[in-house]
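Visitor: Could you show me how to read a few backbone and surface features, one at a time?

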Amino acid sequence: MTIILEPGAVPLADWHAIYRGASATLSPACRPAVQRSADIVARIAERDQAVYGVNTGFGLLASIRIAPADLETLQRNLVISHAAGVGDPMPQGVLRLMMALKLASLGRGASGVRPETLDLLGAMLERGLLPVVPAQGSVGASGDLAPLAHMTATMIGVGEIDSGTGPRPAAEALAEAGLAPITLGAKEGLALLNGTQFSTAYALAGLFEAENLFAAALATGALSTEAAKGSDTPFDPRIHALRGHRGQAEVAAMLLAMMQASEIRASHREGDKRVQDPYCLRCQPQVMGAALDLLRQAATTLAIEANSVSDNPLVLGEGEVLSGGNFHAEPVAFAADMIAMALCEIGSLSERRLAMLVDPALSGLPAFLTPRPGLNSGFMIPQVTAAALVSENKQRAFPASVDSIPTSANQEDHVSMAAHGARRLMAMAENTGNVIAIELLAGAQGYDFHAPLAGNPAAQAVHKEIRQAVPGLVEDRYFHPDIAAAGAIVRSGRLREVVTANGVTIPSVLHV
């Protein structure tokens, strides 16, 4: 599958496909606009007038005029001096997103980059020549300079590229693919380095992971509600119509549908002495609905940002070059913080359902969900693991956007911290996925105790999905493989698929 990038009009679904492995190429329709802006920069470079980014230094050195003979050296020096990142390399899915985002942004024809420069970046993406980019070093303003510099360095034959067989010198990898390094023209290095594409790629990746986890948590929560003989009354649409929040109403409708025609629900409709369920069951629409609304708001912001021009200065069609601040990633930082909060709460509510299930006083099930408690510990320590992961996520969820530190000799005196605000989302998603995986195992175990009664067909399908991978826990066994198998199901998107196949719609984060 190849995505055709139409600059300024790429939908979230296409970015999602690229993250999951689809190839991408730039629409040829953008070439005339790209050529026009490159011609403008070429004309300016021949003049004596100083224009920032074209024939001047950068940052605090913007007042220094650079001679025409030195412009190519200026761009090369800019790239190699800014390639100062540290840490582990970017994951390849996020890296592909970053490259595609940069292609689409430059393809709008407001950056002064030549078509042949974009051709090289596009060819690298299409052929799987992925730069090795250290993931730490950006503060999310004046662009994601260090990571984008590492990407750009490979285009001039510096640094390393991984084409699937491990890192090797960039010039060697390009040559083997029939490509040659380029010499950057006026402004090109700055255009490639400046922008929010690193932060946006990580934020989008976090959003896409959250989409899967949100659906898995809803399906798992419905299974746990059945296992605990929870009530469907809190999901009555009349309750949620009086509140008015879209996400809350959609979540309630889905949970109610997951309990229709359930033999388990029918078995305790009369004579149940519990007046109200714990919040972790009763308030799922309010908590998960709020998370859904928040994620959709983040998706709206990121959909705009992904199609934006975020470098500086900008080249306008009438020949003007305007210096501004589109590189400041504050919108991305806010979106990343929202995703972080949603991930944290999705995992927190899941852990509370798990804790309820293992407590016989609350669930009415055997202690720690084992048929022989005492001799067996059952789900005692998996719940501890989930609690540890939830607390770790709470610490990570502190807003990154409220922090700032001056850089570049105070020229860049307020920064967004979007880069690490977005980068932390991958670790938070991993934690949340493992929490949901443990709850999925526990919910299925609790569901087993109600046999031969069956739940709603969609709930049965969720139960069957996990039981095909992990058998019920009769005696204690080595638990780690069970959690890994459940985690793979959670992250795969299968739970949404099996629920949908049985007539229940799980609300989507991405369809905003």
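Guide: Let's begin at Phe368, which sits in the loop between α16 (360-363) and α17. Helices here are DSSP runs of H or I with at least four residues, strands are E runs of at least two, and both are numbered from the N terminus. This is a predicted model, in which local features need pLDDT of at least 70, side-chain atom pairs count only at pLDDT 80 or more, and totals for chains, interfaces and linings use all residues. Residues are numbered from 1 along each chain as its sequence is written, and side-chain values use heavy atoms, with hydrogens and water left out.

Visitor: What is the phi of Phe368?

Guide: Most residues other than glycine have a negative phi. Phe368, although not a glycine, has a positive phi of about 55 degrees. Leu369 has a positive phi too, near 60 degrees, and lies in the loop between α16 and α17.

Visitor: Is Leu369 buried or exposed?

Guide: Buried means under 20% relative accessible area, exposed means over 50%, and partly exposed is in between (1.4 Å probe, protein chains only). Leu369 is buried because its relative accessibility is 0%. Phe368, with a relative accessible area of 27%, is therefore partly exposed.

Visitor: Which peptide bond involving Pro313 is cis?

Guide: Most peptide bonds are trans. The one joining Asn312 and Pro313 is cis, with omega at about -5 degrees; Pro313 is placed in the loop between α14 (284-306) and β8 (314-315). Another cis bond runs from Ala451 to Pro452, with omega near 10 degrees. Pro452 belongs to the loop between α18 (418-448) and α19 (457-469).

Visitor: Which residues form the covered face of strand β1?

Guide: In a regular strand the side chains alternate between the two faces of the sheet. In β1 (residues 2-5), Ile3 and Leu5 form the covered face, while Thr2 and Ile4 form the uncovered one. Strands pair if DSSP finds at least two bridges between them; β1 has four to β2 (residues 23-26), and the two run parallel. Leu5 stands opposite Leu26 in β2.

Visitor: How many helices and strands does the protein chain have?

Guide: There are 21 helices and nine strands. Buried residues make up 58% of the 512 residues.

Visitor: And how does the overall size compare with a globule?

Guide: The radius of gyration is taken over C-alpha atoms, and the globule rule is 2.2 Å times the number of residues to the power 0.38. A compact globule of 512 residues would have a value near 24 Å, and the protein chain has 26 Å, which agrees. Its C-alpha atoms fill a box of roughly 90 × 50 × 40 Å along the principal axes.
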